[in-house]
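Please view the two together while going through the points.

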Amino acid sequence: MWLVISLAIVTIGLAALDVRTHPGLPMRSLADLLPEAAAVAIFAMTYLVLAIGRLPGFWLDRAGAALVGASLMVAVGVMPLEEVPKAIDFDTIILLLGVMIVVANLRLSGFFGLVNGWVVSAPVIRSCC
């Protein structure tokens with residue numbers, strides 16, 4: 001099933017690429033489009049795993065999918081290794097790390113269970129029309 005999904009994504013990616021050229025420019029071959037198609041396929045598969053939350057059949061969650069997707073982009077040659085540090089926004093990474101630490105501590109302390117119980121047992125207020 002994953003093979004069919006991958007092939008469909010690659011086909012859509014190839015169709016989305018601009019294979020037509022402008023007058024006067026040489027025609028691009030399929031081999032020239034392969035890195036672009038690989039980038040589209042890797043990007044789409046990574047976002048699919050991010051949307052699902054986990055990759056079925058593997059021990060891969062959202063963070064792992066992002067790491068594997070970024071590694072594949074470098075391995076395929078879409079982004080040179082020298083450009084990777086320039087592409088990372090460290091302010092965003094620090095913000096996400098801080099939020100994850102706070103959420104993990106709230107979960108361990110039982111905060112979410114307490115709030116869930118309070119919200120579920122709260123009386124329903126009906127507004128009159």
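The points below cover the fold, the pockets, the nonpolar patch and the salt bridge.

This is a predicted model, in which local features need pLDDT of at least 70 and side-chain atom pairs count only at pLDDT 80 or more, while totals for chains, interfaces and linings use all residues. Residues are numbered from 1 along each chain as its sequence is written, and side-chain values use heavy atoms, with hydrogens and water left out.

**Fold and burial**

- The protein chain contains six helices and zero strands; helices (H or I, at least four residues) and strands (E, at least two) are DSSP runs, numbered from the N terminus.
- Read from the N terminus, the order of elements is α-α-α-α-α-α.
- Of the 129 residues in the protein chain, 14% count as buried, where buried means under 20% relative accessible area, exposed over 50% and partly exposed in between (1.4 Å probe, protein chains only).

**Largest pocket**

- The largest pocket has a volume of about 1,000 Å³.
- A pocket is defined on a 1 Å grid over the protein atoms alone, as an open set of points where a 1.4 Å probe fits, with protein on both sides within 12 Å along at least five of seven lines; lining residues have an atom within 4 Å of a point.
- A volume is the space filled by probe spheres set on the points, and grid points are joined across faces, edges and corners.
- The lining of the largest pocket consists of 28 residues, and those nearest its centre are Ala63, Ala66, Leu67, Ala70 and Ile93.
- At least two lining residues come from each of α2 (30-52), α3 (62-76), α4 (84-87) and α5 (90-109), and α3 provides the largest share, nine residues.
- By class, this lining holds 20 nonpolar, five polar and three charged residues; Ala, Val, Leu, Ile, Met, Phe, Trp, Tyr, Cys and Pro count as nonpolar, Asp, Glu, Lys and Arg as charged, and the others, Gly among them, as polar.
- Leu67 belongs to helix α3 and is exposed, because its relative accessible area is 58%.
- The C-alpha atoms of Leu67 and Thr46 are separated by 9.3 Å, with the two residues 21 apart along the chain.

**Second largest pocket**

- Two or more lining residues come from each of α2 and α3, with the largest share, five residues, from α2.
- The lining of the second largest pocket comprises eleven nonpolar, two polar and no charged residues.

**Nonpolar surface patch**

- Leu95, Val99, Val103, Phe111, Phe112, Val115, Trp118 and Val119 form a nonpolar patch on the surface, with about 750 Å² of accessible area together.
- Patches are made of residues with over 30% relative accessible area and no salt bridge; like charges are joined within 9 Å, and nonpolar side chains (Val, Leu, Ile, Met, Phe, Trp, Tyr) within 5 Å.
- Accessible areas come from the Shrake-Rupley method with a 1.4 Å probe, and for residues only the protein chains shown count as cover.
- Both α5 and α6 (111-121) give two or more residues to the patch, and α6 gives the most, with five.
- Phe111 lies in helix α6 and counts as partly exposed, because its relative accessibility is 36%.

**Salt bridge**

- The structure holds one salt bridge, defined as a side-chain nitrogen of Lys or Arg within 4 Å of a carboxyl oxygen of Asp or Glu.
- This salt bridge joins the side chains of Lys86 and Glu83 at 3.8 Å, N to O.
- Lys86 counts as exposed at 65% relative accessibility, whereas Glu83 is partly exposed, with a relative accessible area of 35%.
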